[in-house]
Amino acid sequence: MFRRAGRRWGRAMGWILLLTFIVTLTAGVYIKLYEPERYIAEYTLNAVREEGKTPAPLSMWMLLRDYNLLLDDADFRQQIVSEHVSDGRTFISARGTAMDHMVVIRAVGVDPVIVCSLADAVGDRLAAESATLLGVSSARTVKRAHMLPQPSETEDWFRVLKMMLITFGVLSLLAILFGSRRESVGWMTPPAQLSMPVLGQVTECGEECEYCAKQMRRKKNQPQDYQLLSHVDRLVREGTEEAALSLRSAAGMRSCSLAVTGVRAEDRAPAFAVMLGQTLAEDGFSVLMMDMDGDAPMLGRYLGIRGQADAVDCLVDDSQLPLALLRTATPNLHLIDCCHDGETVRQAAASPAFAAFTANALAIYDYVILSAPPAAFGSGAAAVGSAADQTVLVAKNERYTAKELTGVAEGLRQRAVKLSGVVFVGVKKRQLKNVYKADGKAYRKGHSSTLHA
């Protein structure tokens, strides 16, 4: 229960901090800009209704209500103003506690002389006429109007801090009680309901992937050994190696075809597919990668090459294969790019000819990696996955619930897809702080020269 409450509180932390900042800033501006010109005077009187009819707290509450109604009465205010000087900017109210009979008449305004005189005028009138106006059995002056001291700068800062803490506490309590019950899953918290094994995790590498893609477009400055795997830190490479070993174990350590699909496009499944292919190639395996996402082909962007023919062309004409097969900067890694639209690629992937094409490729390559469209939209992922020996689902860490991931998995299995498991990407590096403690310098961001040193 406490863990669920903590997760609800964590999910709402962004809004809590934003609203706390807004409220605190508003309170600070009000205190600094408006309160220095505000003066407060208090007049204290003792007022008692007839005893025995109502309990003391209720009687006091009703008396304060009646006093405030009287102070808001236009005729009563006109009588006070006609006899005393007023600037029209002084506000008077009645305050008190439920356990005694002390009533405080508070006047707030911008002129200390007017504030004090009006507090005395109202207090004297109520002390003299409360029995007539409100039926009070007795009313007498305890202390005439006196000015309250202006708060110091230190007190102002304490008030701002108090407002911040109260706002943060109230919003945190509301988030815990009424926050979203949506329980996202991730690498650290895989639930028992998840209907597929977790194959591993890959930490955040979005910036490195985008940097790599930009460098790939700068053909003049591109080094010969440039590859995505050399532009991510050691932690990312180790996570990809772990996922590769899990997939090889699921295939019985034999050659196979792998379809890689994400739940949605923002899960960066193509980037993981490229790192997986480069990891297997660095381990000495020959790898063929095929981009089968006609709507958003990304493999060529991360590998720095662009093809003129693809698998669809090869299915129609075998002579297109030498033109479609592209070398990459990574030894033992080749690419067949995607040049057709999504619907054409989906229809080709669902054909028996494509399954035969993939099987024939395994006679030459140790691994064939197929980059499929997102699984949550359309049937492209299922069409590509049905032609592969295994399919791995890529999901953003702590973005989806167990129900959502299970629904995607069941949808793929119903279409003859052999789903091996899920790899969570985008894991926060702070979640692996124990690894950092052991070897912190090795996990700093940097390029290959720094990482391999």
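1. Strands β8 (residues 325-327) and β9 run antiparallel and are joined by 3 bridges. Strands here are DSSP E runs of at least two residues, helices are H or I runs of at least four, and both are numbered from the N terminus. Two strands pair if DSSP finds at least two bridges between them. In β9, leucine 335 is the bridge partner of leucine 326. The hairpin of β8 and β9 has 5 residues between the strands, and asparagine 332 takes a positive phi near 70° there.

2. A word on the source. This is a predicted model, where local features need pLDDT of at least 70, side-chain atom pairs count only at pLDDT 80 or more, and totals for chains, interfaces and linings use all residues. Residues are numbered from 1 along each chain as its sequence is written, and side-chain values use heavy atoms, with hydrogens and water left out.

3. Strand β7 (residues 287-291) also joins β9, through 4 bridges, and these two run parallel. Leucine 335 in β9 is the bridge partner of methionine 289.

4. Are the faces of β9 (residues 333-336) buried or exposed? Both are covered: Leu333 and Leu335 are buried on one side, His334 and Ile336 on the other. Buried means under 20% relative accessible area, exposed over 50%, and partly exposed in between (1.4 Å probe, protein chains only). In a regular strand, side chains alternate between the two faces of the sheet.

5. Next, the cores. A nonpolar core is a set of buried Ala, Val, Leu, Ile, Met, Phe, Trp, Tyr and Cys residues joined through side-chain atoms within 4.5 Å. The largest has 44 residues, and Met290, Leu393 and Leu405 touch the most other members. Helix α16 (residues 402-413) gives the most to this core, with 5 residues. Another core, of 41 residues, lies apart from it; Met289 and Leu335 are among its members.

6. Isoleucine 80 sits in helix α4 (residues 74-83). Its relative accessible area is 4%, so isoleucine 80 is buried. Leaving aside neighbours within four places in sequence, isoleucine 80 is in contact (heavy atoms within 4.5 Å) with Leu118, Ala121, Val122 and Arg125. The C-alpha atoms of isoleucine 80 and leucine 18 are separated by 46 Å, and the two residues are 62 residues apart along the chain.

7. Now valine 29. Its place is in helix α2 (residues 13-33). Valine 29 has a relative accessible area of 37%, so it is partly exposed.
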